[in-house]
Amino acid sequence: MTPGEKAKAKTGQVKGKLKEALGRTVGNERMTAEGEVERRTGDAREAKEKVKDAFRP
(Lines give C-alpha, C1' and ligand atoms only; values in the text may rest on other atoms or scores of the structure.)
Protein backbone atom coordinates (compact mmCIF):
# COMPACT_ATOMS: atom_id res chain seq x y z
CA MET A 1 0.00 0.00 0.00
CA THR A 2 1.44 3.32 -0.97
CA PRO A 3 1.75 5.79 1.89
CA GLY A 4 -0.46 8.34 0.14
CA GLU A 5 -3.28 5.90 -0.48
CA LYS A 6 -3.02 4.54 3.05
CA ALA A 7 -3.32 8.05 4.44
CA LYS A 8 -6.37 8.78 2.26
CA ALA A 9 -8.05 5.58 3.43
CA LYS A 10 -7.40 6.26 7.13
CA THR A 11 -8.43 9.91 6.79
CA GLY A 12 -11.70 8.88 5.18
CA GLN A 13 -12.37 6.33 7.88
CA VAL A 14 -11.68 8.73 10.75
CA LYS A 15 -13.52 11.64 9.16
CA GLY A 16 -16.51 9.42 8.48
CA LYS A 17 -16.60 8.07 12.04
CA LEU A 18 -16.48 11.57 13.49
CA LYS A 19 -19.17 12.88 11.17
CA GLU A 20 -21.34 9.85 11.88
CA ALA A 21 -20.99 10.29 15.66
CA LEU A 22 -21.68 14.02 15.46
CA GLY A 23 -24.77 13.39 13.35
CA ARG A 24 -26.09 10.93 15.90
CA THR A 25 -25.36 13.32 18.76
CA VAL A 26 -27.23 16.25 17.24
CA GLY A 27 -29.94 14.04 15.72
CA ASN A 28 -29.10 14.86 12.11
CA GLU A 29 -29.83 11.76 10.01
CA ARG A 30 -28.33 13.23 6.85
CA MET A 31 -25.00 13.94 8.55
CA THR A 32 -25.01 10.44 10.02
CA ALA A 33 -25.59 8.93 6.58
CA GLU A 34 -22.87 11.07 4.99
CA GLY A 35 -20.43 10.00 7.69
CA GLU A 36 -21.27 6.36 7.12
CA VAL A 37 -20.65 6.75 3.38
CA GLU A 38 -17.27 8.42 4.03
CA ARG A 39 -16.27 5.69 6.48
CA ARG A 40 -17.26 2.91 4.09
CA THR A 41 -15.43 4.61 1.23
CA GLY A 42 -12.29 4.64 3.37
CA ASP A 43 -12.82 0.98 4.24
CA ALA A 44 -13.21 0.09 0.56
CA ARG A 45 -10.10 2.07 -0.41
CA GLU A 46 -8.10 0.27 2.28
CA ALA A 47 -9.39 -3.13 1.15
CA LYS A 48 -8.51 -2.34 -2.48
CA GLU A 49 -4.96 -1.43 -1.52
CA LYS A 50 -4.58 -4.61 0.56
CA VAL A 51 -5.66 -6.71 -2.42
CA LYS A 52 -3.17 -4.89 -4.65
CA ASP A 53 -0.43 -5.53 -2.09
CA ALA A 54 -1.28 -9.22 -1.97
CA PHE A 55 -0.57 -9.59 -5.69
CA ARG A 56 2.65 -7.60 -5.75
CA PRO A 57 5.86 -9.63 -5.91
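In this predicted model, the buried residues of helix 2 pack against helix 1. Five positions of helix 2 are concerned: Thr32, Gly35, Gly42, Glu46 and Glu49 are buried. On helix 1, the buried set consists of Ala9, Gly12, Gln13, Gly16, Glu20 and Gly23.

The geometry of the pair was examined next. Two packed helices are described by the angle between their axes and the distance between the axes. Helix 1 covers residues 3-26 and helix 2 covers residues 29-54. Their axes approach to within 7 Å. The crossing angle is roughly 160°. Helix 1 is therefore roughly antiparallel to helix 2, since angles over 145 degrees fall in that class. The handedness of the crossing is left-handed. Charged residues number 16 in the contact of helix 1 with helix 2, alongside 7 polar and 3 nonpolar ones.

Each helix was also compared with its expected span. Helix 1 contains 24 residues, which at 1.5 Å a residue should span 34 Å. The C-alpha atoms at its ends are 34 Å apart, so the two values agree. Helix 2 contains 26 residues. From first C-alpha to last, helix 2 reaches 37 Å, close to the expected 38 Å. Helix 1 is followed by glycine 27. The phi of glycine 27 is positive, near 80°.

Alanine 9 is found in helix 1. Its relative accessibility is 1%, so alanine 9 counts as buried, the cut-off being under 20%. Leaving aside residues up to four places away in sequence, alanine 9 touches Gly42, Arg45 and Glu46.

Glutamate 20 is a charged example. This residue lies in helix 1. With a relative accessible area of 8%, glutamate 20 is buried. Its contacts, not counting residues up to four places away in sequence, are Thr32, Gly35, Glu36 and Arg39.

Other positions are partly exposed. Alanine 44 has its place in helix 2. The relative accessible area of alanine 44 is 46%, which makes this residue partly exposed. Alanine 44 and alanine 21 are 23 residues apart along the chain. Their C-alpha atoms are separated by 20 Å.

Threonine 11 lies in helix 1. Threonine 11 is partly exposed, with a relative accessible area of 46%. Between threonine 11 and glutamate 46 the C-alpha separation is 11 Å. The two positions are 35 residues apart along the chain.

At 48% relative accessibility, valine 14 counts as partly exposed. The C-alpha atom of valine 14 is separated by 9.4 Å from that of glycine 35. Along the chain, 21 residues separate valine 14 and glycine 35.

Methods. Residues numbered from 1 in each chain as written. Predicted model: local features only at pLDDT ≥ 70, side-chain atom pairs only at ≥ 80, totals over all residues. Heavy atoms only, no water. Axes fitted to C-alpha atoms, helices over the stretch in contact; angles between N-to-C directions. Helix = DSSP H or I, 4+ residues; strand = E, 2+ residues; numbered from the N terminus. Parallel < 35°, antiparallel > 145°, perpendicular 65-115°, else oblique. Left-handed = near helix turned anticlockwise from the far one by under 90°. Nonpolar A, V, L, I, M, F, W, Y, C, P; charged D, E, K, R; others polar. Expected span 1.5 Å × (residues − 1). Buried < 20%, exposed > 50% of the residue type's maximum accessible area, 1.4 Å probe, protein only. Contact = heavy atoms within 4.5 Å.
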